[in-house]
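Please look at the two chains shown here together with the report that follows. It describes how they meet, and then turns to one of them on its own.

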Amino acid sequence: MFNDLDPILHSQLRLAVMSLLISVKEAEFTFLKEKTNATAGNLSVQIQKLKEAGYIEVIKQFKDNYPQTICKITPAGIKAFEEYVKNLQVYLTQK
Amino acid sequence: MEQEKKLTERESLLIIQQMIQTAKQEQKDDGKGWILWGWLLFTASVLTFINLKTQWFSNNFFWNLFGIASLALLLFSTIRSLFFKKTGKVKTYTAELFQKLNIGFFISLLLIIVAINRGVSPVLGFSLLLGLYGFWILIYGAGLNFKPSIIGAYITWACAFAGLFVETFDWTMLLHATAVLLGYIIPGHLANIEFKKAHWQEK
């Protein structure tokens, strides 16, 4: 029996962001942009979607007079990611 | 990356693997700390060994010099961190753990150094120091899954153990230099090579 893959995570950029954030404690927006090769606009939109789903926490602050955006995965995000990977494995083994 | 591209399950898995691998590169250490402290400790031990044979200066001359150099380095890094704050774009769990363990390491180190200055025999005191180095090297190696450091830790402990049975300080210095070479310097340089390679590949 296949469980539907989480539509929030089943998107290239959002999945990339979540995979990066699951491996670190927190990361700056610029780091995510650099590692995913996404445009700032696109990345902002996808980060907002992940935030609205409660999968990540976004902290906006100032560092040396420059705005800084820090992203952190939430416990709900970790759970969703683990579930997504589990379902993915089921899909791949059953196919 | 394109927006909302339809993904296959295999592509999803590939993205996860690639990104986790990318994040893992951030955990890599450049080994500069091991190289710097390694060479300082190695030089102090070798010069002390030579000095014990030639009697050019007082027995602890080079360790006192090392102490002054360490204080200067500490002062320099404190000033740099206070006035030129350089924070990375990413915080990793291992980096945070290492930071906290570093504090524990330096406090324990200080306790042994004070003990040596309060009358504990330097021959035994340096063995205890090596034991502590080994502990920190093993944590570093295990945390980063870096084999040269794990091997280095066991060699350092072997030197520490051997150090408990030597009679004279010149042998202690030789064991100290060997342990630092194999536990600090060589793994440090190997870590540095790996770090450069990983960042060069990323570019």
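## Where chain B meets chain A

Between chain B and chain A, nine residue pairs are in polar contact, with both residues at pLDDT 80 or more; a polar contact is a pair of N or O atoms within 3.5 Å, where within protein one must be able to donate a hydrogen and the other to accept it, and residues adjacent in sequence count only if both atoms are side-chain atoms. The elements that give two or more residues to the side of chain B that touches chain A are helix 1 (9-27), strand 1 (90-91) and helix 4 (93-117) of chain B, and helix 1 of chain B gives the largest share, twelve residues. Helices (H or I, at least four residues) and strands (E, at least two) are DSSP runs, numbered from the N terminus.

This is a predicted model, in which local features need pLDDT of at least 70, side-chain atom pairs count only at pLDDT 80 or more, and totals for chains, interfaces and linings use all residues. Residues are numbered from 1 along each chain as its sequence is written, chains are lettered from A and ligands numbered from 1 in the order in which they are written, and side-chain values use heavy atoms, with hydrogens and water left out.

In total, 28 residues of chain B are in contact with 36 residues of chain A, contact meaning heavy atoms within 4.5 Å. The area buried between the two chains is about 3,000 Å², of which carbon and sulfur atoms give 58%; buried area is the accessible area (1.4 Å probe) that two parts lose on being put together, summed over both.

The rule finds four salt bridges across this interface, a salt bridge being a side-chain nitrogen of Lys or Arg within 4 Å of a carboxyl oxygen of Asp or Glu. A:Glu26 forms a salt bridge with B:Lys91, with the closest N and O atoms 3.6 Å apart.

Strand 1 (residues 26-28) of chain A pairs with strand 1 of chain B in the antiparallel sense over two bridges, where two strands pair if DSSP finds at least two bridges between them. The bridge partners are listed here.

| Residue in chain A | Bridge partner in strand 1 of chain B |
|---|---|
| A:Glu26 | B:Lys91 |
| A:Ala27 | B:Val90 |

An open sheet of four strands has the order 2(A)-3(A)-1(A)-1(B), with antiparallel pairing. Strand 2 (56-63) of chain A and strand 1 of chain B stand at the edges, each with a single partner strand, so one side of each is left without a neighbour in the sheet.

Chain A itself has four helices and three strands, and from the N terminus on its elements run α-β-α-α-β-β-α.
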